[in-house]
Amino acid sequence: MADLKLLALDDEDLAVIAAHLQDAVLRVGDMAYLKADRRFAVVVNRFDWDHAVRSEGKTQRYIRRQTGVRVEHVLGAKVSGIDLTDKERVLSLLTLTFEPGEAPHGAVTLTFAGGGAVRLEVECLEAALNDLGAAWATRRKPEHAGD
């Protein structure tokens, strides 16, 4: 399968990226707010939900992919419920959302399992997801209450 590359310029585009990132895992140390560049960047290990759906009913071998995510035009970042000094702590990403403000401003929020969140105030919405080539098999599929 070719590496996934997605660009979000509105909340509908961001919802597509969020769907691909659901249950991605990352270390706190893999997130960075680059204030001078007005960019937030993170490297995650995303669960390949598309591959899981296509292989349903076959011998279950799931895939995780190393993926870079960036949000541009960031004016500020706030963190809640995450100790930024604990660089090795593993977080599980639940979703990304966009809350519009006075157009084109708004906020992108990354919400993590356990209540942690990162809120990015943005001048306008521009986010991208790029698989970085590394992929590996896993037997574990993320589970959610009610599955």
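## Strands around the cavity

Three strands, β4 (39–47), β7 (90–100) and β8 (106–112), each contribute at least two residues to the lining of the largest cavity. The model described here is predicted.

The residues that line this largest cavity are Leu21, Leu26, Met31, Val42, Val44, Leu93, Leu96, Leu110 and Phe112. Sorted by class, the lining consists of 9 nonpolar residues, with no polar and no charged residues.

## Number and volume

Rolling a probe the size of a water molecule over the atoms shows where empty space is left. In this model, the count is 1 cavity of 30 Å³ or more. The space within the largest cavity amounts to about 30 Å³.

## Strand β5 and its partners

Strand β4, which supplies at least two residues of the cavity lining, also pairs with β5: the two strands run antiparallel and are joined by 9 bridges. Within this pairing, Val43 stands opposite Gly68 of β5.

Strand β5 (residues 62–72) is also joined to strand β10 (residues 127–138), again by 9 bridges and in an antiparallel arrangement. Here Arg70 has Ala128, in β10, as its bridge partner.

## Burial of β5

How many of the residues of strand β5 are buried? Of its 11 residues, 9 are buried, and the strand is thus described as mostly covered. For this count, a residue is buried when its relative accessible area is under 20%.

Note on methods
Residues are numbered from 1 along each chain as its sequence is written. This is a predicted model: local features need pLDDT of at least 70, side-chain atom pairs count only at pLDDT 80 or more; totals for chains, interfaces and linings use all residues. Side-chain values use heavy atoms; hydrogens and water are left out. On a 1 Å grid over the protein atoms alone, a cavity is a set of points where a 1.4 Å probe fits but cannot get out, and a pocket is an open set with protein on both sides within 12 Å along at least five of seven lines; lining residues have an atom within 4 Å of a point. Grid points are joined across faces, edges and corners, and a volume is the space filled by probe spheres set on the points. Helices (H or I, at least four residues) and strands (E, at least two) are DSSP runs, numbered from the N terminus. Ala, Val, Leu, Ile, Met, Phe, Trp, Tyr, Cys and Pro count as nonpolar, Asp, Glu, Lys and Arg as charged, and the others, Gly among them, as polar. Buried means under 20% relative accessible area, exposed over 50%, partly exposed in between (1.4 Å probe, protein chains only). Two strands pair if DSSP finds at least two bridges between them.
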